[in-house]
Amino acid sequence: MINNKIEIPKTVNPDLAIERKNASFNPDEMAAFFWGRQEIVQMKRMIEDELYSDLDDPLDHEFASYEEMASLAVKHAVKATKKLRAIQERINPGGSEVYPTLMGGPMGAALMPAGNPFAVHIVMFTRALKGQGTPEQYEKFGRRADNCEIIGTYAQTELGHGTFLRGLESRADYDRKTQEFILNTPTLTSYKWWPGGLGQTCNYCIFVAQLFIDNEPKGIQMFVVQVRDEETHKPLPGVHVGEIGKKLGMNGVNNGFLGLKNYRVPRTNMLMKNQQVLPDGTFIKSPVSQLSYFPMVYVRCMVAIGNALMLAQAATVVTRYSCVRRQSPIEEDQPEPKVLEHLTQQMKVIPEIATAIAYRLAAGNLHLMYNETAEAINRKDFSRLPELHALACILKVSCSYDSTYGIERLRQGCGGHGYLTAANLGNLFAIATAACTYEGENSVLYLQVGKILMKVWSDVLEGAKLMPTMAYFTECNNMGRFPQWTGTWDCLVKALQFACVGATRVAHKSYSARLKEGQSQPVAVNNTALELTKAAELHGRVYVASNFYEEVINGPTKSERSPQFQKVLENLLELHLIQTFFRHLGDILRFVPVTENEISALQVRLEEALKKLRPEAVAITDGFDFHDKVLSSALGSYDGNAYHRLFEAALKHPLNQKDVPDFFEKHLKPFMKENAQKAKL
């Protein structure tokens with residue numbers, strides 16, 4: 001029998017220990033900056049100590065069958081819910097900072113490594129009942145959902161339609177005689193497809209469908225629908241529900257399909273806070289159409305935060321591994337250095353650290369804006385909705401793209417070991433890349449923002465006041481020409497702004513010319529799509545870069561920072577701005593005069609920034625303050641004993657539990673014996 005035990009050293013890898021000793025600042029400063037306040041960090045650590053004391057081995061679900069994985073995911077979700085609710089009740093009854101907030105993000109990932117089948121219930125189902133339902137509807141459905149007496153999901157995406165909501169085929173026809181809605185998925189492509197938890201976990205959903213009254217369309221509406229019996233969990237008559245199958249990742253989330261055939265629900269099951277259908281069939285339209293999409297805006301805010309944190313987790317893992325892995329002497333006949341001594345490795349790793357911080361700050365401010373807008377909506381003030389919608393779209397896109405490709409670059413920086421499941425980089429990639437398509441496919445959202453920018457440019461030409469995050473369009477237009485190049489941070493931000501404004505102006509010119517040629521507006525948008533998406537992408541870069549600049553230079557906590565930590569933040573800002581400049585060099589050169597010498601100077605500054613940040617990299621990622629249970633990585637544990645942990649993970653594999661696998665006698669031995677017999681003939 002194979003020995004399946006390996007002793008993990010109790011000490012920290014000396015290569016990692018010296019990195020921490022040589023850092024110029026205390027990682028606790030970074031933790032307070034990254035998470036918001038020191039009190040939040042202390043609370044987070046206290047909760048983690050309690051939550052992670054009895055977790056199952058995260059590799060259990062990797063070796064489980066598909067059905068076993070689903071069962072484990074529900075078991076973990078129930079256990080996590082109970083734990084977090086108990087902590088919430090103990091420290092702040094009635095609050096939400098522990099439950100349900102921590103069911104998502106890094107803690108949720110540690111508690112539910114196979115994925116969270118309650119995620120959509122928490123993030124969308126309960127929030128939609130509260131935000132889109134009347135007080136009476138919340139009393140009927142919402143309180144039970146909040147208390148997890150029922151488990152629901154948000155059934156919007158269909159097999160044939162996703163981001164294009166107006167194309168949804170699901171129907172809700174109002175029957176005046178019975179005061180009921182008749183719900184149908186009339187075609188195969190109208191089946192709901194993808195809602196998290198729908199497959200086997202949920203017994204309710206919010207069903208998004210086209211409303212028809214007397215066969216006249218009234219737009220997209222939401223309906224509370226029970227899909228399974230509360231006692232037996234069997235699908236109700238007229239309901240066809242199930243699981244869509246294995247995915248690239250998050251296979252415990254239990255994504256499902258749903259078909260309805262002449263399924264009747266009472267009139268009061270349509271969420272009617274913002275629009276109503278009266279008993280006689282009179283339809284009262286919402287005062288602001290975007291309110292129907294407000295639940296998705298929230299999810300896009302959460303995607304930006306979540307993906308920023310996933311990139312930070314990957315950067316933590318790879319930074320630590322890059323300091324314990326030694327390979328390839330830089331000078332002949334010299335010892336193998338830490339991999340992070342190689343400039344190419346620094347370029348793979350350190351910019352992703354800066355990018356994670358930049359997005360964490362930007363997404364945090366977006367979340368604040370969401371909360372302020374939600375409060376304004378409750379006061380019937382809808383003025384901030386368009387700006388929030390545009391910003392949530394663009395940040396969701398840019399953060400999901402950058403985190404996905406950033407995690408993959410980091411994985412490649414670990415060589416072959418990064419490909420192992422035990423490294424956990426594959427799981428992080430699978431979760432991050434999913435965000436590129438759910439809650440609005442990224443190209444479609446880029447186009448939405450591009451169309452918004454067309455309106456912004458028209459407003460600039462008319463001298464209208466712009467939304468605060470787009471006010472730079474007027475400023476750059478009034479300047480006419482780019483000011484003298486100085487290479488300062490302000491100059492780099494201004495260069496990005498000029499590139500975005502220039503790209504928007506060019507796109508608007510192309511779009512307008514196509515309209516004058518007689519093309520319809522939709523056709524003109526499609527034919528200008530490449531220019532529109534380029535302008536939208538640059539707008540996202542402007543927001544992230546300018547937000548990072550403001551936080552580092554003028555942030556509210558600047559006076560509390562030590563000089564050493566402030567210098568580290570400035571070096572991170574320097575790296576991020578220069579890297580973004582080079583990433584969009586072609587776009588910038590189109591509208592900003594920069595000489596070859598000025599570009600060469602930036603290349604030197606880029607390399608210098610990497611060298612300055614190299615000794616601080618471990619301390620910075622320590623400051624991200626991710627518990628080992630969150631990272632769940634043999635390569636990235638705090639103690640740096642990567643090789644011991646890789647071997648420990650390998651020995652847990654089911655194929656290593658027997659000296660001789662079953663397939664030897666069944667398949668391999670007869671095959672070899674047969675070949676031996678043939679060879680004798």
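Analyst: Happy to! Let's begin with helix H2 (residues 27-35) and helix H9 (residues 343-378), whose axes come within 9 Å and cross at roughly 40°. Here a helix is a DSSP run of H or I with at least four residues, a strand is a run of E with at least two, and both are numbered from the N terminus. The axes are lines fitted to C-alpha atoms, for helices over the stretch in contact, and angles run from 0 to 180 degrees between N-to-C directions.

Which residues make the contact? From H2 come Met-30, Phe-33, Phe-34 and Trp-35, and from H9 come Ala-356, Ile-357, Arg-360 and Leu-361. Contact means heavy atoms within 4.5 Å. By class, the contact of H2 with H9 has 7 nonpolar residues, no polar ones and 1 charged. In this scheme Ala, Val, Leu, Ile, Met, Phe, Trp, Tyr, Cys and Pro count as nonpolar, Asp, Glu, Lys and Arg as charged, and the others, Gly among them, as polar.

Before going on, a word on what you are looking at: this is a predicted model, where local features need pLDDT of at least 70 and side-chain atom pairs count only at pLDDT 80 or more, while totals for chains, interfaces and linings use all residues. Residues are numbered from 1 along each chain as its sequence is written, and side-chain values use heavy atoms, with hydrogens and water left out.

Now stay with Ile-357. Leaving aside neighbours within four places in sequence, Ile-357 is in contact with Met-30, Phe-33, Phe-34, Phe-548, Leu-572, Ile-620 and Phe-624. Ile-357 also belongs to the largest nonpolar core, which has 152 residues; Met-30, Ile-357, Phe-473, Trp-485, Leu-572 and Ile-620 touch the most other members. A nonpolar core is a set of buried Ala, Val, Leu, Ile, Met, Phe, Trp, Tyr and Cys residues joined through side-chain atoms within 4.5 Å. Buried means under 20% relative accessible area, exposed over 50%, and partly exposed in between (1.4 Å probe, protein chains only).

Phe-473, another of those core residues, leads us to Cys-500, which sits in helix H14 (residues 489-516). Cys-500 counts as buried because its relative accessibility is 0%. Not counting residues up to four places away in sequence, Cys-500 touches Tyr-472, Phe-473, Ala-535, Leu-538, His-539 and Val-542.

H8 has one more partner to visit: the buried residues of H22 pack against H8. In H22, the buried residues are Ala-642, Leu-646, Ala-649 and Leu-651. Leading up to it, Ser-632 lies in the loop between helix H21 (628-631) and helix H22 (642-651). Ser-632 has a positive phi, near 45°, although it is a residue other than glycine.
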